[in-house]
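Q: I am new to reading structures of this kind. Could you guide me through the features that deserve attention here?

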Amino acid sequence: MMKAWLFLQTLAFESIGFYILLDKEMTQLQWVGFISSHTIACASYTLLCWILLPKKYKTPIVSSVSFLFLFNFLLPLVGMIGTACSLLVALYIPRRQSLITWQECEEAPLPQSPGDVSNTQFGAGALREILLHNDDPERRLLAVSAIRHLPKPQAVPLLQLALKDLSDDVRLLAYASLETIESQINEAISLFKSQFQYREQASKAYEIAQQYWELCYLGIAEGALRKHYLEQAEHYLTLANHLSANASTFLLLGRVMLEQQRPDEAIKYLTQAMDGGLRIKQVAPYLAEAAYETGDYETTKYYIGYFPEQKGEKLSQIKEYWA
């Protein structure tokens with residue numbers, strides 16, 4: 001009812017205003033009458049438009065009302081027609097909504113060379129999802145081919161996961177890939193051992209130990225073989241220290257001791273690594289682990305205080321837990 005009354009009031013006062021304006025000789029009194037009539041019509045029409053506006057456009061009230069009034073006032077008749085058309089289009093002829101909520105896209109090919117793996121959506125997480133959830137064995141086989149080009153710490157766990165695949169082809173390719181990685185490391189060990197026998201150098205002994213450590217760290221070796229590799233790593237690190245003591249050698253030796261469940265010896269070597277020039281932040285994670293294994297929780301908390309602050313990092317999560 002109110003909308004109809006406002007519309008009729010607008011129409012009446014605007015008609016009166018234009019009736020006065022169409023007089024050939026406009027006196028000062030007639031100009032005052034026209035402006036007054038037009039102002040009342042604009043005010044009435046502004047209120048009508050504001051009522052018809054969607055809720056989100058009604059606020060702030062002062063801005064929306066001022067805009068509607070000035071637009072209609074400064075453009076007599078034309079402004080009202082334009083406002084009516086825009087409201088009609090916006091409220092009663094809205095843009096059609098598409099009923100399709102998804103769009104089919106072409107399946108992206110998996111990378112087949114080392115350079116293709118970087119800067120794509122196929123990171124370690126995406127390839128793992130393919131291995132676990134994709135029903136197509138050909139797709140899983142391609143995923144294993146792509147995994148072979150990832151860095152070894154990321155590739156080995158995924159290849160070990162692929163060893164449990166139901167497809168024989170996927171398992172065989174994963175096994176062959178792991179064999180290749182292990183063979184490369186063993187070849188490096190043989191090469192460094194030959195060089196060490198020719199000339200005993202601390203650097204060569206350290207390289208041999210590092211290769212043995214990588215076999216254990218990557219998870220390639222298990223059980224008795226892993227124990228043997230750790231003993232070999234300890235042996236060559238001890239040789240390297242006898243030839244030339246080095247902070248990096250002490251650090252790796254401390255990590256080997258941790259893997260052998262010998263935390264007291266690990267603390268000794270890790271402390272020597274810190275005394276040899278390594279920053280406490282580099283050694284703190286391993287010292288905290290060794291202190292925790294010995295049951296010294298106060299020392300553990302002390303070293304955890306040196307963990308990084310980056311959100312999402314595993315060490316920062318441990319630090320937050322112990323805080």
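Predicted model: local features only at pLDDT ≥ 70, side-chain atom pairs only at ≥ 80, totals over all residues.

Q: How many aromatic pairs does the structure hold?

A: There are eight aromatic pairs in the structure.

Q: Why is the pair of tyrosine 302 and tyrosine 306 called edge-to-face?

A: Planes over 60 degrees apart count as edge-to-face. The planes of tyrosine 302 and tyrosine 306 stand at 80 degrees, with ring centres 5.5 Å apart, so this pair is edge-to-face.

Q: Is tyrosine 303 buried or exposed?

A: A residue is called buried when its relative accessible area is under 20% and exposed when it is over 50%, with partly exposed in between. Tyrosine 303 has a value of 14%, so it is buried. Tyrosine 302, at 46%, is partly exposed, and tyrosine 306, at 28%, is partly exposed as well.

Q: How many salt bridges are there, and where do arginine 171 and aspartate 168 lie?

A: A salt bridge requires a side-chain nitrogen of Lys or Arg within 4 Å of a carboxyl oxygen of Asp or Glu. The count comes to five salt bridges. In the one between arginine 171 and aspartate 168, the closest N and O atoms are 2.2 Å apart. Both residues lie in helix H9 (residues 168–198), three residues apart, about one turn of the helix. Arginine 171 is partly exposed at 28%, as is aspartate 168 at 47%.

Q: Which parts of the chain does the pair of glutamate 259 and arginine 226 link?

A: The closest N and O atoms of this salt bridge are 2.3 Å apart. The pair links distant parts of the chain, with glutamate 259 in helix H12 (residues 247–259) and arginine 226 in helix H11 (residues 223–243), 33 residues apart.

Q: Which residues are linked with Glu234 in a network of salt bridges?

A: Arg262 and Glu265 are linked with Glu234 in this network. Glutamate 234 and arginine 262 meet at 3.0 Å, N to O. Glutamate 234 belongs to helix H11, whereas arginine 262 is in the loop between H12 and helix H13 (263–275). Glutamate 234 is buried at 18%, while arginine 262 is partly exposed at 23%.

Q: Which residues form the negative surface patch?

A: The patch is formed by Asp135, Asp136, Glu138 and Asp169. Of these, glutamate 138 is placed in helix H7 (residues 137–147).

Definitions and conventions:
Residues numbered from 1 in each chain as written. Heavy atoms only, no water. Patch = residues over 30% accessible without salt bridge, like charges linked within 9 Å, V, L, I, M, F, W, Y side chains within 5 Å. Areas by Shrake-Rupley, 256 points an atom, 1.4 Å probe, with all protein chains shown as cover. Lys, Arg positive; Asp, Glu negative; His and termini not counted. Charge placed at Lys NZ, Arg CZ, Asp CG, Glu CD. Helix = DSSP H or I, 4+ residues; strand = E, 2+ residues; numbered from the N terminus. Phe/Tyr/Trp six-rings, centres within 6.5 Å; stacked < 30°, edge-to-face > 60°. Buried < 20%, exposed > 50% of the residue type's maximum accessible area, 1.4 Å probe, protein only.
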